[in-house]
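Dear colleague,

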Amino acid sequence: EYNNKYLALLDAQHMPAAELIFLNLADDSRPWSWITGKLLGILDQYEANGRIPLANIAFNGNQPTPQQLAQMPDKLYGIDDEVAHSTKYDDKIRDLARMFKEFNKPIMLRIGGEFNGGWNGYHPYDYPKAYRKVVNIFREEGVENVAFIWCYESAAPDDFDEKNAQGEWKWFPGDDVIDWYSI
């Protein structure tokens with residue numbers, strides 16, 4: 001009976017509608033060309049399996065181990081601040097935008113998913129600027145098959161709606177760049 005229940009889970013009607021792939025902009029464990037060289041094949045495979053690709057662009061890459069993190073005086077190690085205030089990662093973002101456009105089928109894109117989770121090391125007030133920048137680059141590239149997702153980590157502090165003295169959002173990038181809200 002156990003085996004029959006397990007086999008029933010393999011039936012397509014019990015499979016998820018989306019499949020997640022993580023794309024870390026600062027990951028230097030592999031050349032960027034290795035990632036982009038495989039990405040369209042991965043997207044095609046997800047689609048062939050009947051799933052919508054759910055990509056997560058992470059503003060980190062080589063995350064510290066818990067032991068390293070404990071020793072770090074500054075726990076904010078993400079690259080969201082660099083994405084927001086420099087052009088260092090713009091070419092990688094444009095590469096992804098062009099590949100998603102070429103795929104030409106629906107893709108869901110989580111930008112800096114679970115942004116407020118401490119394990120990401122993102123910078124308050126810079127994360128929303130980095131999110132907006134990614135969306136704007138995709139729009140500049142004419143990408144129309146991507147739905148942008150803002151994914152909040154509910155186990156983290158509930159400060160997602162806070163603003164600083166200048167009126168800048170701590171984590172919220174704005175309704176005009178969000179298609180889906182996620183928890």
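This is a predicted model: local features need pLDDT of at least 70, side-chain atom pairs count only at pLDDT 80 or more; totals for chains, interfaces and linings use all residues.

Residues are numbered from 1 along each chain as its sequence is written, and side-chain values use heavy atoms, with hydrogens and water left out.

The chain contains 6 helices and 5 strands, these being DSSP runs numbered from the N terminus (helices: H or I, at least four residues; strands: E, at least two). Their order from the N terminus is α-β-α-β-α-α-α-β-α-β-β. The radius of gyration is 18 Å, close to the 16 Å from the globule rule for 183 residues, so the chain is as compact as a globular protein of that length. That radius is taken over C-alpha atoms, and the rule is 2.2 Å times the number of residues to the power 0.38. Along the principal axes, the C-alpha atoms fill a box of roughly 60 × 40 × 35 Å.

Of the 183 residues, 45% count as buried, where buried means under 20% relative accessible area, exposed over 50% and partly exposed in between (1.4 Å probe, protein chains only).

Helix α5 (residues 90-103) has 14 residues and reaches 20 Å from its first C-alpha to its last, close to the expected 20 Å; the expected span is 1.5 Å times one less than the number of residues. Among its buried residues are Ile93, Leu96, Met99, Phe100 and Phe103. An α-helix has 3.6 residues a turn, so residues three or four places apart point the same way.

After α6 comes Gly142, with a positive phi near 75°.

Strand β4 (residues 146-151) holds Ala147, which counts as buried because its relative accessibility is 16%. Leaving aside neighbours within four places in sequence, Ala147 is in contact with Ile107, Met108, Leu109, Asp179 and Trp180. Ile107 is 40 residues away from Ala147 in sequence, yet their C-alpha atoms are 6.4 Å apart.

Phe22 lies in strand β1 (residues 18-24). With neighbours within four places in sequence left aside, Phe22 is in contact with Asn56 and Arg110. The C-alpha atoms of Phe22 and Gly113 are separated by 9.6 Å, although the two are 91 residues apart along the chain.

Finally, two residues have a positive phi without being glycine. Asn104, with a phi of about 60°, is in the loop between α5 and β3 and is exposed, its relative accessible area being 59%. Tyr125, with a phi of about 75°, is in the loop between β3 and α6 and counts as partly exposed at 22% relative accessibility.

Note on methods: Contact means heavy atoms within 4.5 Å.
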